Structure formats: C-alpha cells, structure tokens
Amino acid sequence: MAANFWASSHSKQLLEQVEVDVVPQLDKDRGVTLDEFKLIKVHMTNYIWRLAQYVKVRQRVVATAVSYFRRVYTRKSMTEYDPPLVAPTCLYLASKAEESTVQARLLVFYIRKLCNDERHKYEIKDILEMEMKLLEALDYYLVVYHPYRPLSQLLQDAGLPDLNHFAWGIVNDTYKMDLILIHPPYMIALACIYITTVLKDKDKISWFEELRVDMNIVKNISLEILDFYDNFRVIPEERIAVALNKLRVKM
Amino acid sequence: MGDRSAAGGGSNRPAWLQQYDLLGKIGEGTYGLVFLARSKLQSNLDKSIAIKKFKQSKDGDGVSPTAIREIMLLREISNENVVKLVNVHINHADMSLYLAFDYAEHDLYEVIRHHRERVNQSINQYTVKSLLWQLLNGLNYLHSNWIIHRDLKPSNILVMGDGDEQGVVKIADFGLARVYQAPLKPLSENGVVVTIWYRAPELLLGAKHYTSAVDMWAVGCIFAELLTLRPLFQGIEVKANPNPFQLDQLDKIFKVLGHPTQEKWPTLVHLPHWQSDQQHIQGHKYDSPGLHSYVNLPPKSVGYSLLSKMLEYDPRKRITASQALEHEYFRTDPLPGRNSLVSCQPGEKTVNYPARPVDVTTDFEGTTNVQPHPMSSGHAMANNASAASLVSTRPVARSQLPLVGMPRLPNLHGGISGYNIPPHGPGMAGLNPTNIPIQRGGGQAHSQQQLRRKDSGSGIQNSGYTLQQKSRRF
C-alpha cells in the first residue's frame, strides 16, 4: 500500500471535478449554492487547521483529516452530517489512523475554547458517535496519500531543496480545495513546484519535460490553485454564517 | 462494505445481524471476542465467517486504535496468504465494531499442539515446507507494501479447513501491524509488542526503530517450532512497565545460537541494553552453537541453511522474505504445495486436525446464556462440519500457558466428521461489496510509467523488495 499509490484505495476513489462539485440534494433543498458549499468546506478546513495547532499534531494528520472531511461530503449532506461536528471528528479519526491519537476530551476542550456559537459546543459523546458514522461514510477506507513526500523528493531531484519550505506552504493551501479527491498526490506536488519555480523565477522547464508527465494537467492544477488565491483570500464571516444557517432550516 | 444500519425489529439489534446465524464464541482477547457465524446472504449462503468484535475502549476514547489499524491495513491489502476482511459492521446502540473475516478452521498453534499431544509424531516435511513457503509468500507481500506485522506467532498463522482453499495459509491479526514508511513516532513508543518467544534480539536489546527483519526472526522461530513441536526460545517474561529488559529470553537465545559478537553483528554495541550491560549480558558466554542439534537437522542440509539465515543475529544480514522464497530448500523434494495439509505424493499419511472448539453458550453481547438444554457437542460438530475459512484468534491464555494445554471450551469435538462433506465449489468469493465511486483502470498505471525518467535510478531509492508493480514510488 504505502509502496504503491496505484494499488491503493485512494487511487481507486479519485473523482472527476464535476463529481465533487455536486451539492447534496438535502442541502440544495435548503438553498445552499455550490459556492456556499465550497465556502463551508474552506471555512471548516481552516477550523481543522486551527484545532490541530492546539492539540499539536503534525501536518500530515491535518491533511488526512481534511481529506476525510472532503470525502464525506461527496457522499453525505451537510444537513445530516453537521460540518462543525464532522470537522473535529475527522481530526480525531485521522489522529488515530496516523498513529498520533488525540484524546477526545482534549479536542472537546479546544472546540469550546475556539467556538463562540453555543450550538457547536459538543460533548465527548457526540464526537464518539460521529466517529462511528464517519467510519461508515468513508466506507472504512482510511489510508490517504499526500503530496508532501513526493514534494520533497521531487524538489531534491530538481536541485531545489531550499524551496521546500515555500512549496510546502502551497501544498498546505491545496487542502482548501478538493484537489486531493481529484488528482494523484504527486501531480499536486508538481503543480506546487511549478508555481514555486514561476514565482521564484527558476527555469526548470527541461526538468519538467524530462519527467514525462502530462504538463497540461500540471498547469491546470496550478491555475486552479492561483485562481483560489485570487478568489478566496478573504472569506467574509457573514457569508459563512448565512450558509451555515441555511443548513439549520427545518423542513 | 458496511450497511445501512436501520435498527429493525423494535429491539436494539442492528439490522445487519440478520444476515448471520451466530454459532458461538471461538476466541477471546484483550480487544474483545471472536465469534463463528454462518452467512445467510444468498450470495454467500452457508459460508463460515469469523466475526471479531471490538469493545468500545474503556478510557472513553471511541474506536480502539487497534481496530482502526487493522481495518485501515486490511482494506488496502489483498493476497492469498493474508486473511480476507469481508465486511465491517457497526452497532451504533452500544458503539461496538465488528470485523467479518473468512473463517479458517486451523492455526499453527493448534496444528503443532495436535502433533505434540495427540499424534506424537512430527509434522511431515511436505506440510512444514508448504506452510513455511506460504507464510513467507504472505509476508513478502506485506513487506513489499511496507507493512511490518510485528506479532507473528503460531496462533496468528491460520490454515484453511475443508473447501476450495483447504490447507492454504492466512496471516492474521493486524492489530499491531504498522506501515513503516515514515512513521510519525518511533515505533517503539507505542509500547513494544510481539510475544517475547518470537521477539527478535535487536528488540530485546532495546532497538528503537525496527524493520521487517523482526518478522523474519519470528518466522525462523516458527520454522523451528514446526520441526520440533516445541517453542525454540521459551523465555520467562518479565512483567513490568514500560518495556522491561527481558534477560531470560535473551539468555535462551544465546544458549542455542552462541553469544553474539561485534564481528558477527557490528551495530550490536550501539544497542541500549547491550551498552548499559546492567545485568552483565556481555559476560554470559555460550560458545557452542547447537541450533542444528536442537532442531535435529544435519548442519549441511538445506533446511538448516535456511533456518540459520532466518535466525541471523544482525538484522541487516538476516534473510528477507523474498530471498527466503528463492532458497534451495524450496527447490528440493518434497516441493511445497498449495494444500499444505494434504500432499499429492502417494503414500503420505494425511492427518485429520480437529476443528476449532465453539462455545455455543455465548452470544454477540458476550453474555453467557446458560440454557436449560445446552447444545450437545454433536450439534456443534454439525455446525463446524461446513467450515471453510478463517478467524483471527488471539486468546491471551495461549501465550501465558505454554505447553500446559489451553483449557478447552465446552463442546469440544473431534475433527473427522468435518472432512466428510464435499468441498465448496468455486464462486464463494466473499461478500465484499465495493462501493468505490469510480474505478479507474490501467490509464493511471500508464501515466505512472510516464513519470519514470529516462535515467531512472536517481533520486528515490528502491526498497530491495520485489514489488508487484515496479514503479517510481511516492
């Protein structure tokens, strides 16, 4: 498994963009738009990231948690699976899967600390129940591959090891999009390297050519990342609140 | 996999329970219980299934990490010599988790015990070689996929009973297995594992990071046990926290293999327990290596050659699973076969191994129903007769009661009747519904090929194991 991405469940579960960009029917019924659906996912990704800083887990754990979170909403609605509960529970489950278990009570403590909204003050019991529901929703597939490892290896190979830190930051940002559900991790890594070389003015065209990957895909992923930077730099709190409130409409 | 768990029938019982006939309990461990059940699903009718129930962890921390690890690994891997996870179920009412496996009637612990206590005769060469080959084959698959089992011992090596997979070895119990590519924490931090009798010397001496070589040491110990019907190194375990130094276990090893030296094992001097030498292990001098006499093999035989390479002190020199599969031992008569229990050679006597005892008085909740009419052993036997597949039992009692003979459960029964039914035909491939949204086929393997550079070899090193699909790894 670890040796071979192509034999992994992650590889077999990759989706097309159009399959990911579907607002679940129950959410649609409540008037949630595709933009709002994406916005909630960005917002919750940031939330998972902030929680992770408090409970002190490594970035790979966060990356796995966000991947779980995004996978869940290709199958389940936000109406049934409350994002403010699903997000921390994904972090909880990912911490177990990545061998750095975080205690549920610690997580609950920081949820309360970070969250002003009374409705989001969950108990340990809520996390544990949701953990089981997530296992089911994920169909018990828990192994996720990430761009970090190929990133370092490829940068080394390209003779740019000193740009690792910069490119790593871009990889972190890719989790605010659904790229991990759509593209193989090494392609995401290559796109991040591509952006890095352009921004840092390094000419690595011949290196990319030697790789014999489909550069059109690399460039498309890069454009998507840059597009994200243009459009989602600031997310107005009010828009998030509006979107989350729609989910609470009783029908 | 999994199921829509609408609780049906008004009771607390989850709907998925209706797809099984529960026959009884077949094992117990720290994680929970193992049950034998018969599938009622049309697609899998009457197939025997072992169901491992994980208790909710007591510390209020949800699904046990052991269960998560096992599910996570078993969901990714598939090999003839590794147990097959056919389903996962959840009972939301009591937050318990169930893993359903193809059932295996035998395991090496019971096979060895049967020979030692009932047959009074060693296991025939064909069977030993076939069991060992398949064990190595499964292990080679795991190691190629960067998985270390870490708890190999006879009771975790299952053997299929009657049916189209009769005599096929299945490696089980992945609760301690790890993916060893870039672990987030040193593996030793999770509490050192592996039953001490099968524990490699580098672990006993306090090595922090271990490698797949620890599994090969365990295979060496199991090989010797198959030959002699006795555990090779039966040390007395020191029970203390955390990770006490196991002096007696090391001493048992030194007695048989001779004292390790820096010439034979250059990194020995860096190992913590050797270095500190608190109990003067450096001074225990045993110089007559008596392994060949202990296992009764001529020192020049191919079998002894393979065994001694598995029990090599230096983990870096220890034979790997893929190298072991190429060893001369497997190319000399009798050649290993798929049905390890039944040789195709004429004249070889076939041993009838007993079926696994089933405690028919325990239900899924683990509560014992003392029934007015306890099921007769005849009933249990009938249940077992159709058994075909597999279970992972890790009864604690086994490791703690060496050679004393595990107290048998009620309704113990002989095995002969179990062999009178016709074998299952093909087409019993298992439930395993795949809900994979989109199957992408060979196209990606193709683009993977494209990524390989003209000058392959630079940058990312290869593992040295034979990968099923040579590819540049990420």
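Author: Buried means under 20% relative accessible area, and exposed means over 50%. The model discussed here is predicted.

Reader: Why is B:K53 called buried?

Author: The relative accessible area of B:K53 is 8%. The cut-off is under 20%, so B:K53 is buried.

Reader: What makes B:K53 a residue to look at in UniProt?

Author: UniProt lists B:K53 for "binding site", in an unreviewed entry. Such annotations may be inferred rather than shown by experiment.

Reader: Where is B:K53 placed, and which residues does B:K53 touch?

Author: B:K53 is in strand β3 of chain B, residues 48-54. Contact means heavy atoms within 4.5 Å. Not counting residues up to four places away in sequence, B:K53 touches B:Y31, B:G32, B:L33, B:F35, B:D94, B:S96, B:L97, B:Y98, B:F364 and B:E365.

Reader: How do you know that β2 and β3 of chain B pair?

Author: Two strands pair if DSSP finds at least two bridges between them. Strand β2 (residues 32-39) of chain B is joined to β3(B) by 7 bridges, and the two run antiparallel. The count therefore meets the requirement of at least two.

Reader: B:K25 lies in strand β1 of chain B. Why does B:K25 count as buried?

Author: Its relative accessibility is 12%. Buried requires under 20%, so B:K25 counts as buried.

Reader: What makes the pair B:K25 and B:E28 a polar contact?

Author: A polar contact is a pair of N or O atoms within 3.5 Å, one able to donate a hydrogen and the other to accept it. The side chains of B:K25 and B:E28 make such a contact at 2.9 Å, a value within that limit.

Reader: B:H89 is found in strand β4 of chain B. Is B:H89 buried or exposed?

Author: B:H89 has 0% relative accessibility and therefore counts as buried. Its side chain makes a polar contact with the side chain of B:Y20 at 2.8 Å. B:H89 and B:P14 are 75 residues apart in sequence, while their C-alpha atoms are 9.2 Å apart in space.

Reader: Why are β6 and β9 of chain B said to stand at the edges?

Author: The sheet in question is open, with 3 strands in the order β6-β8-β9 of chain B and antiparallel pairing. β6 (106-107) and β9 (169-171) each have a single partner strand, so one side of each is left without a neighbour in the sheet.

Reader: How do you know that β8 and β9 of chain B pair?

Author: Strand β8 (residues 157-159) of chain B and β9(B) share 3 bridges in the antiparallel sense. At least two are needed. The bridge partner of B:L158 in β9(B) is B:K170. Helix α3 (residues 125-144) of chain B lies across β8 and β9, running at about 35° to β9(B).

Reader: Turning to chain A, why is A:K41 called buried?

Author: A:K41 has a relative accessible area of 1%. The limit is under 20%, so A:K41 is buried. A:K41 is found in helix α4 of chain A, residues 34-55.

Reader: Which residue's side chain makes a polar contact with the side chain of A:K41?

Author: The partner is A:D178, at 3.1 Å, a value within the 3.5 Å limit. Leaving aside neighbours within four places in sequence, A:K41 is in contact with A:V20, A:F69, A:R70, A:M78 and A:D178.

Reader: What covers the buried residues of α10 of chain A?

Author: The cover includes α4, α5 (59-72), α9 (148-157), α11 (179-182), α12 (185-199) and α14 (215-231) of chain A. The buried residues of α10 (residues 164-174) are A:A167, A:I170, A:V171, A:N172, A:D173 and A:T174.

How values were computed:
Residues are numbered from 1 along each chain as its sequence is written. Chains are lettered from A and ligands numbered from 1 in the order in which they are written. This is a predicted model: local features need pLDDT of at least 70, side-chain atom pairs count only at pLDDT 80 or more; totals for chains, interfaces and linings use all residues. Side-chain values use heavy atoms; hydrogens and water are left out. Helices (H or I, at least four residues) and strands (E, at least two) are DSSP runs, numbered from the N terminus. Buried means under 20% relative accessible area, exposed over 50%, partly exposed in between (1.4 Å probe, protein chains only). Axes are lines fitted to C-alpha atoms, for helices over the stretch in contact, and angles run from 0 to 180 degrees between N-to-C directions.
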